[in-house]
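The sequence and the coordinates are shown first, and a description follows.

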Amino acid sequence: MIVGVINYGISGNIHSIKKALEKAGGVVKIVNNKNELAKVNKVVIPGVGSFKDAMAELEKSGLLEGLKEIEKPTLGICLGMQILSTLGYEYGKTEGLNLIDAEVKPIIVNAKVPHVGFNTISVVNNNRLLDGLENEEFYFMHSYEVVNYTNILSLTNYEGHQFVSAIHKDNIYGVQFHPEKSRESGIQLFKNFIEL
Amino acid sequence: MKTRIIVKLDVKPPYVVKPVHFEGLRKVGTPSEMAKKYYEQGADEVIYVDIVSSLYQRDIIFDEIEKTANELFIPFGVGGAIRSMKDISRLFHIGADKVAINTYAVQEDPSIINKSAEVFGNQAIVVNIEAKKWDNYWECYTDCGRIQSGKDVIEWAKEVEQRGAGEIFLQSVDYDGRKRGFDLELCKEVVDAVNIPVIVASGAGTLKDIKEVIEYAKPSGVAIASLLHYDNLTIQNIKTYLKNSGIEVSK
């Protein structure tokens, strides 16, 4: 079983994610193009950068088409979760992968944005991805949030504002936080994903 | 929101040094071994600041940064001598989650903040401010507290937010490394001036100092260096103390 981590070119913290997946027992390959995407069993879409740039980079690498039709278990992290959506509004309006019916909008809250730091998740729909992780702390670092009402796995509260911190539809998963930056809880989430 | 407890590693490659007024004085270990130790103690983040490369126009020492990143499963910020989009891209690729820019943005080209925020996302771009107190204002310094810029700290803080910075890392030229408490007014004014998170550094000499700056200025995080490197205090000692004082921190 090989987990492929999507390489976006200029942005993307693939190094941290690869390392954490390996710690969780995964065999990891970096995916740079369509051919490499075909050779992996599961896919992780990392998350550093802006929505607009990420989509442009995916298009440039030729990965966009493959990802739009992906059926393998796929986990989007932070921005990688956001681009699973239909539309994003960061630096203009950009079409996403449209794997989950959702939009990505700025966080509106009476507190500092970006939302940065450790915060807990409340699991609203049980799923193996979040096994044993109810109320655990994960590291968040984002200015935008995924707006969706039907595919929610967990919610998180930031200074009175509740937002979607994990989503799931069929084989597609997304987490707003960074498992690779969330100590043992993050490694556990990666283990759960590998064992799905 | 849980206040982040962040470890600051002042690096004069290849060692972490003890700085007083930003001058590197004594080797205290290698960045990678110290980062690992503090990760295991429960640090929320580590920030690696190369305190000499900008001044000497040296290139960033990528190897040690990569080695340090390898030990961490928490966010890792890197600052010092960042001059181009290429530097920033490479730092992300070897494991940095955030980059902290100061000298280049202040002295050469502030638009590096806009450009990098657009490519890498706001949350990944930190602006490092080194504030020097004058009678009735604070001035931005660069090159680790050595060069004056003429820029007003509060105005600059607002400007970098406008330009797309996702966080401010606030240091005090006067208080850094002296362990006499924080410049409370500076911290409060900067936190209140912007809507992005502010991490305050420079001054933690006792547990009480940390509690005081959190209660007074309400920063998003506190960066600690000497107190951890020298005083046998652990991250858990700090977190337990803060929890007992009614301040929310992570596990």
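Which residue in E13(A) does A:Tyr158 stand opposite? The residue opposite A:Tyr158 is A:His161. The model described here is a predicted one.

## Two hairpins in chain A

Strand E12 of chain A, residues 152-158, and strand E13 of chain A, residues 161-169, run antiparallel and are joined by six bridges. Two residues lie between these strands in the hairpin, and A:Glu159 takes a positive phi near 45° there.

E13(A) is also joined by four bridges to strand E14 of chain A, residues 172-175, again in an antiparallel arrangement. Within this pairing, A:His168 stands opposite A:Tyr173 in E14(A). The hairpin that E13(A) and E14(A) form likewise has two residues between the strands. In its turn, A:Asp170 has a positive phi of about 50°.

## The sheet around the hairpins

E12, E13 and E14 of chain A belong to an open sheet of eight strands, ordered E2-E1-E3-E4-E14-E13-E12-E9, with mixed pairing. Its edges are strand E2 (27-31) and strand E9 (122-123) of chain A, each of which pairs on one side only.

A parallel pairing occurs between strand E4 of chain A, residues 74-77, and E14(A), over four bridges. There, A:Gly76 has A:Gly174 in E14(A) as its bridge partner. Helix H1 of chain A, residues 14-23, lies across strand E1 (2-6), E2, strand E3 (42-45) and E4 of chain A. The helix runs at about 160° to E2(A).

## Chain B as a whole

Chain B contains 10 helices and 12 strands. Its radius of gyration is 16 Å, close to the 18 Å that the globule rule gives for 251 residues, so chain B is as compact as a globular protein of that length. Along the principal axes, the C-alpha atoms of chain B fill a box of roughly 45 × 40 × 35 Å.

Of the 251 residues in chain B, 55% count as buried. Among the contacts in chain B with a separation of 6 or more, 67% are between residues 24 or more positions apart.

## Where the chains meet

The contact between the chains involves 30 residues of chain B and 31 residues of chain A. On the chain B side, the elements that give two or more residues are helix H2 (62-70), helix H3 (85-93) and helix H5 (111-120) of chain B. The residues on this side of chain B comprise 12 nonpolar, 11 polar and seven charged.

Terms used: Residues numbered from 1 in each chain as written. Chains lettered and ligands numbered in written order. Predicted model: local features only at pLDDT ≥ 70, side-chain atom pairs only at ≥ 80, totals over all residues. Pairing = 2+ DSSP bridges. Rg over C-alpha atoms; globule rule 2.2 N^0.38 Å. Buried ≥ 20, exposed ≤ 12 C-beta atoms within 10 Å, placed from the backbone. Contact = placed C-beta atoms within 7 Å. Nonpolar A, V, L, I, M, F, W, Y, C, P; charged D, E, K, R; others polar. Axes fitted to C-alpha atoms, helices over the stretch in contact; angles between N-to-C directions.
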